[in-house]
Amino acid sequence: MAKEFSRTRRIAQQLQQELAMVLQRDMKDPRIGFVTVNDVDVSRDLSYAKVYVTFFEEDTELVQQKIDALTVAAPYIRTLVAGRMKLRVMPELRFIYDSSLVEGMRMSNLVTQVINKDKAKQQEFNPEASDSSESVDGEKEQD
């Protein structure tokens, strides 16, 4: 019977949880700010881990500064996480900005704007359709 989760995937999940806790509670660097750990991808030999993070910033220069701050702090973060996990070899951390969450929020806002514009155009061309409080026999319902 095949394993449901491989060892590297289980380690990646635990590493993601521990990194989130360390970055939230133990890191005091003001350059990093609020960071979300979206995913962790561990190499098969457990020597490297790609840590996908998101910041709620849209300025690419500010995001790059935060990634640089995480890269500089990576050995310290690795030491803190190694104390929490029982591994013989702690993977080297490489932080990568994951723009999928920010991009998803942007797409959602665009869809909402299009829906609102469509509703406004529909009311503009068909004003009696917006009066939905009339009953079937033409009388106005009272609340």
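Before I start on packing, I note that contact means heavy atoms within 4.5 Å. Helices (H or I, at least four residues) and strands (E, at least two) are DSSP runs, numbered from the N terminus.

**Ground rules.** I'm looking at a predicted model, where local features need pLDDT of at least 70 and side-chain atom pairs count only at pLDDT 80 or more, while totals for chains, interfaces and linings use all residues. Residues are numbered from 1 along each chain as its sequence is written, and side-chain values use heavy atoms, with hydrogens and water left out.

**Whole chain.** I looked up the elements and found 3 helices and 3 strands in the protein chain. Along the sequence they follow the pattern α-β-β-α-β-α. Of the 143 residues, 26% are buried (under 20% relative accessible area, with a 1.4 Å probe and protein chains only). I also checked contacts with a separation of 6 or more: 60% of these are between residues 24 or more positions apart.

**The sheet.** Next I went through the strands. They make an open sheet of 3 with the order E1-E2-E3 and mixed pairing (two strands pair if DSSP finds at least two bridges between them). Strand E1 (36–42) and strand E3 (92–97) are the edge strands, each pairing on one side only. On average, neighbouring strands are turned by 25° against each other, direction ignored (axes are lines fitted to C-alpha atoms, for helices over the stretch in contact, and angles run from 0 to 180 degrees between N-to-C directions). E1 and strand E2 (residues 48–54) pair in the antiparallel sense over 6 bridges. One pair I picked out is Val-37 with its bridge partner in E2, Val-53. Helix H1 packs on this sheet, touching E1, E2 and E3, and its direction makes about 150° with that of E1.

**Helix H1.** I then followed H1 itself. Its 20 residues reach 27 Å from first C-alpha to last, close to the 28 Å expected at 1.5 Å a residue (the expected span is 1.5 Å times one less than the number of residues). I listed its buried residues, among them Ile-11, Leu-15, Glu-18 and Val-22. What do the buried residues of H1 pack against? I found E1, E2, E3 and helix H2 (60–84).

**Glu-18.** I stopped at this one, which sits in H1 (residues 7–26). Is Glu-18 buried or exposed? Its relative accessible area is 17%, so I put Glu-18 down as buried. Leaving aside neighbours within four places in sequence, I see Glu-18 in contact with Val-81, Arg-84 and Met-85.

Methods. Buried means under 20% relative accessible area, exposed over 50%, partly exposed in between (1.4 Å probe, protein chains only).
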